Every structure is written in structure tokens, then in C-alpha cells.
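I opened the notebook to record what I looked up, entry by entry.

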Amino acid sequence: MEFIDYYKTLGVAEDASGDQIKRAYRKLARKFHPDVSQESDAEARFKEVGEAYDVLKDPEKRGAYDELRLQPQAGGFAAPPGWNYEFHSAGDSAAFSDFFRTFFDAEPGPGTVRDDPHAAPPRDVHQRIAITLEEAFHGYRPEIETRLFDGPGTRRLKVSIPAGVIDGQHIRLRGQGSGDGSARKSARGDLYLEIQIAPHPMFSTDGRDIYVTLPVAPWEAALGASVRVPTLGGPVTLKIPAGSQTGQHLRLKGRGLPGSPPGDQYAVLNVVLPPADTETDKKLYREMAERMNFDPRAHLEGAL
Amino acid sequence: MSRSTTPRRRYLTLVELSHSVGIRQRHLVALVEHGLVEPAGDNPSEWRFDEQATARLLRALRLRRDLRINTAGATLALDLLDELARLRAELDRLRRLVD
């Protein structure tokens, strides 16, 4: 077992006052709160910080922890002889480290049997699942691992994610939460899966709407053209009106994520200039410069 | 196109939503009065919450509990986070346009 340096976790000195510890905790809790933070390991960091604060805020636990720190730590960490502190922690200690559960938590650990299996009420379980945009579009039946609150370890479960889920949506799976200790499904809470749609290399999303950047040649934008556009349901043909410009949104109705109503796809035009590498290309550009009456800075005239 | 066979109902009632996030109906009514979630429909028995309401409520309840802020503070934080997410998505789209 690893010894955990709670002072380091909170970034405070060993002789920090209770107020300093509280301030450090609150600052880190805001920073790493999974509902706020963009950090990829926010959830883990938030739990670490919460665990450190749970110990250091309580003078009795902190004193016991400071004693533990004095133990030799070579080759793993074990309880010193005579360790018999019994602490009860509020909240979900199952999320805490082995170190914490061994020294600061009197809750039964994994593998132990509760005296009264009916003590735990059915509970809803909330869990996040990351899926690809294609999976959101077509629907998806993954096998997920869900933690048991009422027993040791985890459980594997086949779930069905319907076509057309959107980022942040919750899917409710009735009776798949944690149970009250009995095998009855009706005595179980529900499992909520929060959908997270992973970034896609080509498409971005806004609810059910899909955006794709569509590069076009200057003559396609100027004269109009029919071009092929990728959509989640496969390529479609899109008519670009004459006189289009970069940044213009062209709507493909109903080509977004399925639903009632389904989302739309937007092709965002990006006019790309052909390079003038060869003499022929340069000649064409020179000809345009001479023969087209075009001043891209006309609107800046007063300032130039 | 869609592989789901049964059309899914895309809203929740007051009873369903309060059950799903594990709070009393009276508490949920108070949160609606704060503007944390905005159902369609005039009175509580007719309220219809959209599919984002569960996620928003759960986030607010976690923020309140974990960061010791009140409902108004959590509502403000969520509004700002939504705005931030919208701006990040917009920035992402614009970056793709430039690259």
C-alpha cells in the first residue's frame, strides 16, 4: 500500500492552520470539480483532494495521520502495531483510496458482509460513458462496467444507447442501480448514464446539429457548383449557390443526429485559394488582377 | 436512418424528474422558481422538462454540495459554464475553418 501525502495533495505545509487547509481545499475543489473542470483527470484529482481534506480538517484524524507519517516507509506501507483508530467518514468512502479505507474508515471494505443487508436503501447510480459521434448517430449497445455500492467489485452490463443521443444527455436504465441487498429488481435504484460524445476529427456538434467545414475552390464559390459532402449517414450532394463566401452556412435539413425533429447538418464554406506555383497559374492570377475590378479593401478606404 | 424502433418520449414530468434526481417535488418546485431549470407548461402538474434538465439539476446539486454555494450561485455557474461550452464549440468550428 502506498503512503499518501495529504499535505502535498492540498499543497500546504505540515504546520498549516485549519484555515489555511480549508482555503487550500476550497480552491482546489473549485479547480478540479468534475462539473467545472476541463482537466482530463479532474474526477480523480477531486477525490484525492476531498480525501486529503477529510483527514486534515479533523484535528483528531490529523493527529493520527501525523503519527502515521513518522513510520518508516521503505518497501510499502503497513499499519503500525496497535493501530486501532475507528473513524466514520461522511459521504461515499468507496471512492477513497486503500490507504484511507485502511486507516480512517470503519466502513466494511470490499469482500466483507454487512450485518444487515436491508440497511442499504435502493440507490440511483450515475455514471458517464464516452461514445463516438457515429455511435450516437446509429445507436450503440456497449457492455459497460458499473460499480456496486451494495457489494464487492463491479458488474458487467449490456446497455442500449438509442440512436440520436446528444452530448450531456442522461439515459435512464430502470432497476440497474444498486440494490437493497436482495435480488429483487424492483428493490434496485436506477442507473443513469451521462452521454459524452468524443470529439470527431471531421464533424463538430451543437445538440443534434452537425457542422462540417467544406473547402471550395474560388470558381465553385463564385459560379456555383454541386459538390459531395460527407454526412454521418453517408455522402450527399450539395448545391453551392453562385456568389458564396467563406463562413457561409449551407443547411442540409434533417442530416444531423436523429430525433423528433432530427438535427440538421451545416456545411460551413471555406474558400481555398489555389497556389500559384507554375507559370500558367501565375498568368491566370495576373490576368484576374488586370481584368477584374475588385478591391477587397474598399470598405477600409476612409482609413487608408 | 434511426435504428431505435419505438419513438422515445423526450420530456419528463415533475414527478419523474424529482424521482430521477432523488429530491422531493417541493424542492424541485423551489429550484424551478430559481430558474435553475425551465419547464414548458404553466403550472407544476403540466410541467414538461426537456432531456437536458436531469443533467443540469444533477450538476447543480453536486456543485451546491461540493463547493458550498447556494442555488443562485449554482444557477449562475451553470449558465456561465453553458456559455463557455457554447463559445468553446464556436471556437472549435472556427479553428477548423482556418486550419
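Is the crossing of α3(B) and α4(B) left-handed or right-handed? I found that α3(B) crosses α4(B) in a right-handed way, where right-handed means that the near helix is turned clockwise from the far one by less than a right angle, and left-handed anticlockwise. Helices are DSSP runs of H or I of at least four residues and strands are runs of E of at least two, numbered from the N terminus.

I noted that this is a predicted model, in which local features need pLDDT of at least 70 and side-chain atom pairs count only at pLDDT 80 or more, while totals for chains, interfaces and linings use all residues. Residues are numbered from 1 along each chain as its sequence is written, and chains are lettered from A, with ligands numbered from 1, in the order in which they are written.

I then turned to the two chains, and found 27 residues of chain A in contact with 24 residues of chain B. On the chain A side, at least two residues each come from α2 (18-32), β4 (170-173), β6 (203-206), β7 (209-216) and β11 (265-271).

Last, I checked confidence: pLDDT, the predictor's confidence in each residue from 0 to 100, averages 83 in chain A, with 81% of the residues scoring at least 70. Over residues 107-120 of chain A the pLDDT is below 50, and this stretch has 13 contacts in the model beyond near neighbours in sequence.

Notes:
Contact = placed C-beta atoms within 7 Å.
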